[in-house]
Amino acid sequence: MTAYDYDVVYIGSGHGTFDGAIPLAAKGKHVAVIEADTVGGTCPNWGCNAKILLDQAVALQHTLRASDGIVSGDGRIDWAKNHDHKQAAIDGIPNMLKGNMESVGIKMYFGSGRLTDAHTVQVGDETLTAENIVISTGLRPRKLDVTGSELTHDSKEFMALTEMPKNLVVIGGGYIGVEFATMANAADANVTLVLHGDKALRGFHQPYVEQVLSDLEDRGVKIMRNQTVASLTENGSQIDVALTDGTITTDWVLDATGRQANVENLGLDELGIAYSDKGIKVNEYLQTAVPSVYASGDVIDKTQPKLTPTAQFESTYLMHRFAGESDAAIDYPAIATNVFTTPRIAQAGVTVAEAKAAPEQYTVQENDQNGNWYRAVDYEQDAKLTLIFNQQHQLVGATEISERAEDSINALLPAIEFGYTPEQLERLVYIFPSIGFDVYGQL
Ligand SMILES: Cc1cc2nc3c(=O)[nH]c(=O)nc-3n(C[C@H](O)[C@H](O)[C@H](O)COP(=O)(O)OP(=O)(O)OC[C@H]3O[C@@H](n4cnc5c(N)ncnc54)[C@H](O)[C@@H]3O)c2cc1C
């Protein structure tokens, strides 16, 4: 035991914390976790888990309609039931996580944590000292800085809707904007998707993004590009959204223009810890400017995707460091990402844009999957897979658009991360028929 109350105190209880804190405490370290809101943070309560539960009805509807009468029914979504199903599935998660933490001896504190020196955190009337402190406070939705922005709603409020508004404007072409526009459209809302520039989902392969947008347009979503929101004004029970190309009157506005880091009121300035609205600056050990204070998860200012598996990777990295098992710098692997639209777009490793910019290093192989018999199983209409190889013909990157893109890219991820040779690939005996078998056949 050190001279401090705890070996590690974590501020925030999301994936940036608990994936590492639980095994760390199980190894005998004294750990405390401070949470200001709901245990588990964004992902289980109003991020990934909540969203994928709502999305399943959307994906089912899409498959049913693509089956072109093989499966009968109109696939109409009862949004109230969809919401209740989601809520019932996630309601127990905070208590379960609290129980998981407490069962290994983690002491939980409820309130806002604030650093008062390099080894001390204040939470309410309690003063906690620790050898190391981890700031894992995540992100929150950004609000448009225009007149009337208080009339907009965020993704958390969208997922709390028990009735889908008739008319809905979604502002923002990031993954939250495009995914939520897809869900609202499937639930019969008249959706306008407003893009600030001429592109959406900028980090993804643009021909695939355009395919997703054009499919959304075919299903009735109006997409407005190169728009700046000037103001929002109440118009009776509706809202006027003034844009570059005119005013739209709507029932509900989702502001999906981005997320900013929770860096306020943590005592960072007083301790000389550098940050911006993108997050806290850390070195290759995830240490801030104060060596005993670390950051983990979305609150880090980083180039890696701000996603749950990245936060898990970081909290696991810190667990090994605090347990004395490794003093190596963090070495991020290929991180797979997915846009949960219909169809989906997933990618991992070297992107097509990066590969095309360095033709001496990479070969790009484009595969039209529509002609592939197995894709007919999912009634695919838009399936394409692009593979990127290095000069030794090892797979270094892949992106797919299809109904099952996340499964394809997950299946390819070990080959990308570990650089399998043709001999190693031959030893992978996949289930047939399956997506894993299918995509490995393309290597
Ligand atoms: C709509 C939406 C959909 C998403 N979908 C996906 C997806 O499909 N796949 C995916 O991988 N990722 C997804 N994400 C991202 C994912 O949710 C985050 O990457 C993940 O939750 C990050 O975990 P974290 O622990 O860093 O932060 P968070 O989960 O945000 O946790 C931070 C916690 O810190 C607490 N906190 C803040 N300040 C203080 C303080 N001063 N004191 C005490 N506690 C404090 C907060 O209350 C919060 O509970 C989605 C996010 C959103 C918003």
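A: Let's start with Asn 265, which sits in the loop between β15 (259–261) and α9 (268–271). Helices here are DSSP runs of H or I with at least four residues, strands are runs of E with at least two, and both are numbered from the N terminus. Keep in mind that this is a predicted model, where local features need pLDDT of at least 70, side-chain atom pairs count only at pLDDT 80 or more, and totals for chains, interfaces and linings use all residues. Residues are numbered from 1 along each chain as its sequence is written, and side-chain values use heavy atoms, with hydrogens and water left out.

Asn 265 has a positive phi of about 55 degrees, although it is not a glycine. With a relative accessible area of 64%, Asn 265 is exposed. The cut-offs, with a 1.4 Å probe and protein chains only, are under 20% for buried, over 50% for exposed, and partly exposed in between.

Asp 188 also has a positive phi, near 75 degrees, and is a residue other than glycine. You'll find Asp 188 in the loop between α7 and β9 (190–194). Its relative accessible area is 38%, so Asp 188 is partly exposed.

That brings us to α7 itself. Helix α7 (residues 175–186) packs with helix α3 (residues 48–66) at an angle of about 50 degrees, their axes 10 Å apart. The axes are lines fitted to C-alpha atoms, for helices over the stretch in contact, and the angles run from 0 to 180 degrees between N-to-C directions. The pair α3 and α7 is therefore oblique; angles under 35 degrees count as roughly parallel, over 145 as roughly antiparallel, 65 to 115 as roughly perpendicular, and the rest as oblique. Their crossing is left-handed, meaning that the near helix is turned anticlockwise from the far one by less than a right angle (clockwise would be right-handed). On the α3 side, the contact is made by Lys 51, Leu 54, Asp 55, Val 58 and Gln 61, and on the α7 side by Tyr 175, Glu 179, Phe 180, Thr 182, Met 183 and Ala 186. Contact here means heavy atoms within 4.5 Å.

Now for the cysteines. Cys 43 and Cys 48 are joined by a disulfide, S to S 2.3 Å. The rule for a disulfide is a pair of cysteine sulfur atoms within 2.5 Å, and by this rule the count comes to one. The torsion about the S-S bond of Cys 43 and Cys 48 is about -135 degrees, so this disulfide is left-handed. Cys 43 is buried at 9% relative accessible area, while Cys 48, at 31%, counts as partly exposed.

One more loop residue is Lys 143, between β7 (139–141) and α6 (155–159). Lys 143 is partly exposed at 44% relative accessibility. Leaving aside residues up to four places away in sequence, Lys 143 touches Ser 149, Glu 150, Thr 152, His 153 and Asp 255.

Finally, some prolines. The peptide bond from Thr 342 to Pro 343 is cis, with omega near 0 degrees, and Pro 343 lies in the loop between β19 (337–339) and β20 (344–349). The bond from Phe 432 to Pro 433 is cis too, with omega near -10 degrees, and Pro 433 is in the loop between α13 (422–426) and α14 (435–440).
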